Amino acid sequence: MKGLQLPLGVQLPDTASFETYYAGPNAEAVAALRAAADGAPPLLLLYGPAGTGKSHLLQALTRVAARSAACAYVPLRELRAEGAGPADTLDGLEQAQLVCLDDIDAVLAQPDWMLALLRLLDALRTHGRRAVLAAPAAPERLALELPDLRTRLAQAAVYGLKPLSDHDRTGLLLERARARGLELPEDAARYLLIRLPRDPGSLVAAIDRLDRALLSAQRKLTLTFVQQWLKDSP
């Protein structure tokens, strides 16, 4: 195994990087994940509610770590929805230097999955390799019926992600605009925040669409333009 390994049909978005993640109140967790690309800890669990960017960060970590080591990104919820079983998904991953398992809660209610996950974590630990897991809650709040698996997760370095505040969301809009060479007025950013879905993914996508609209219209980015653009948007 060399470099990046992805299950069949899974692709990492081009935008999945540490640079495109707005850390806000989550700087400590981001720093820990950056460090995980180079070594310790042997087991890390990242948790937080939907919209806090867990998948983004695991994908970013996978991209960075794959430059120098064999690693794998495994979206468990997506694969299980497609009918994949634990053997199809997890067998052979113990050969990787780093395994990133996203949405582990999607499989924790299934005994065969829990046992396969426990065996993988034990094999990785035995060979001095590492795993990073993502879940919606801290280990003690997950529905874990396999005591040994609960014990393993209790030994992980645990980092929780917090949702962005309105101040952080405004900062995200401004930062994303600057990354695209735009100077978004703060009053326009606040206007967008009031009228758009508030999750980071939707805000980032809106800036990307706004950039394309500006290029097409050959207009200056102002509050008036943003108001008209939103009015005309389907």
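Where is the place of threonine 89? The close-ups below start with that residue, and they all come from a predicted model.

**View 1. Threonine 89 sits in helix α4.** This helix, α4, takes in residues 86–90. Threonine 89 has a relative accessible area of 9%, so it counts as buried, a label for anything under 20%.

**View 2. Aspartate 38 lies in a loop.** Look between α1 (27–36) and β2 (43–47) to find aspartate 38. Its relative accessible area is 71%, and since exposed means over 50%, aspartate 38 is exposed. Alanine 69 is 31 residues away from aspartate 38 along the chain, yet their C-alpha atoms are separated by 9.3 Å.

**View 3. Helix α7 covers residues 166–179.** After α7 comes glycine 181, with a positive phi near 80 degrees.

**View 4. Helix α9 has 18 residues.** From first C-alpha to last, α9 reaches 26 Å, close to the 26 Å expected at 1.5 Å a residue. Its buried residues are Leu203, Val204, Ala206, Ile207, Asp208, Leu210, Asp211, Ala213 and Leu214. What covers these buried residues of α9? The cover includes α7, α8 and α10 (223–232). Just past the end of α9, glutamine 218 takes a positive phi of about 55 degrees.

**View 5. Helices α8 and α10 pack with their axes 8 Å apart.** Two packed helices are described by the angle between their axes and the distance between the axes. For α8 and α10 the angle is about 20 degrees. That makes the pair roughly parallel, because angles under 35 degrees count that way. Their crossing is right-handed. On the α8 side, Asp187, Ala188, Tyr191, Leu192 and Arg195 take part; they meet Leu223, Val226, Gln227, Trp229 and Leu230 in α10. Sorted by class, this contact has seven nonpolar, one polar and two charged residues.

Notes: Residues are numbered from 1 along each chain as its sequence is written. This is a predicted model: local features need pLDDT of at least 70, side-chain atom pairs count only at pLDDT 80 or more; totals for chains, interfaces and linings use all residues. Side-chain values use heavy atoms; hydrogens and water are left out. Helices (H or I, at least four residues) and strands (E, at least two) are DSSP runs, numbered from the N terminus. Buried means under 20% relative accessible area, exposed over 50%, partly exposed in between (1.4 Å probe, protein chains only). The expected span of a helix is 1.5 Å times one less than its number of residues. Contact means heavy atoms within 4.5 Å. Axes are lines fitted to C-alpha atoms, for helices over the stretch in contact, and angles run from 0 to 180 degrees between N-to-C directions. Angles under 35 degrees count as roughly parallel, over 145 as roughly antiparallel, 65 to 115 as roughly perpendicular and the rest as oblique. A crossing is left-handed if the near helix is turned anticlockwise from the far one by less than a right angle, and right-handed if clockwise. Ala, Val, Leu, Ile, Met, Phe, Trp, Tyr, Cys and Pro count as nonpolar, Asp, Glu, Lys and Arg as charged, and the others, Gly among them, as polar.
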